[in-house]
Amino acid sequence: MPIDLPRVFVLRRDRGCRISSIVLRYGVAMTLSDARDGQDTIGVFDILRSKILSGELPAGTRLNEKALSDSIGASRGSIREALRRLEEREMVTSRPNAGARVTVHTPEDVIESYFIREALEGLAARLAATRITPQELEQIRRAIDERTEMHSIIVQASRNKRLISQLGERHFDLLRKLRMDFPHMHTAGPDSFFEHEMIYHALKIGDPVLSETVMRQHISRLRMSVSRKFAADERTARE
Ligand SMILES: [Zn+2]
């Protein structure tokens with residue numbers, strides 16, 4: 001049985017709604033016992049990660065190992081390992097004697113994350129200006145036109161592996177979770193569209209200083225806009 005679990009798979013459930021097998025994208029089925037023998041931690045991690053990122057397991061939800069093991073149909077060991085990996089990503093928080101919960105982030109966490117993004121994504125844009133390929137520029141063009149995520153393409157185009165690892169899947173997962181917890185962060189307005197255009201053109205003409213400046217200004221404006229919304233919420237709550 002092939003054991004190399006691709007990231008995209010579907011779960012087949014039996015009549016009792018227990019997961020009876022994992023059907024791989026290529027149509028190869030693997031029973032759970034096969035998976036348990038091999039790498040089912042990867043599968044469990046992906047299942048829990050997507051439940052958190054989709055809001056099915058909202059912030060504060062208690063994550064009971066036994067209940068998760070029963071509902072997902074995986075061993076408690078692999079649940080524990082998946083929770084540990086999610087904790088490394090700040091998506092799960094465990095406390096002694098209190099168990100694990102989906103992390104509750106605060107407005108301060110959101111503002112802090114914007115400051116880090118401003119510095120690191122600004123650097124990514126500066127490096128990308130002289131390293132980006134025509135194909136990546138084309139991907140950014142398409143992402144802007146289709147209003148899809150374009151920041152991760154710039155991070156990859158920086159060709160700096162330490163920066164890529166800092167701003168990798170973990171960074172964008174955390175952003176997705178924060179956006180889920182704080183709808184204020186939905187910022188795909190006309191200002192963002194215009195700023196994305198400016199970033200694209202700065203990269204296209206290969207100007208590192210301009211690319212960094214417009215990226216920093218974009219993220220700084222997002223931070224200030226979110227910060228104003230939090231302040232307004234606080235005022236409303238006090239009234
Ligand atoms: Zn943006």
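These legends describe close-up views of a predicted model of one protein.

**View 1. Confidence along the chain.** The mean pLDDT of the protein is 82, and 81% of its residues reach 70 or more. Helix α6 (residues 134–145) has the highest confidence, at a mean of 97, while strand β2 (residues 19–24) has the lowest, at 38. Residues 1–39 have a pLDDT below 50, although this stretch has 46 contacts in the model beyond near neighbours in sequence. Where pLDDT is low, the predicted coordinates should not be read in detail.

**View 2. Helix α11, residues 208–238.** This helix has 31 residues. From its first C-alpha to its last, α11 reaches 45 Å, close to the 45 Å expected at 1.5 Å a residue. Its buried residues are Ser211, Glu212, Val214, Met215, His218, Ile219 and Val226. They pack against α5 (107–131) and α10 (190–204). An α-helix has 3.6 residues a turn, so residues three or four places apart point the same way.

**View 3. The largest nonpolar core.** This core has 21 residues. Those with the most contacts inside it are Ala124, Ala125, Ala128, Ala129, Ile154, Ile199 and Leu203. Two or more residues come from each of α5, α7 (151–157), α10 and α11. The most come from α5, which gives six.

**View 4. Around Ile154.** Leaving out residues up to four places away in sequence, Ile154 touches Ala124, Ala125 and Ala128. Ile154 is also among the residues with the most contacts inside the largest nonpolar core.

Methods: Residues numbered from 1 in each chain as written. Predicted model: local features only at pLDDT ≥ 70, side-chain atom pairs only at ≥ 80, totals over all residues. pLDDT = per-residue confidence, 0-100. Helix = DSSP H or I, 4+ residues; strand = E, 2+ residues; numbered from the N terminus. Contact = placed C-beta atoms within 7 Å. Expected span 1.5 Å × (residues − 1). Buried ≥ 20, exposed ≤ 12 C-beta atoms within 10 Å, placed from the backbone. Core = buried A, V, L, I, M, F, W, Y, C linked by C-beta atoms within 7 Å.
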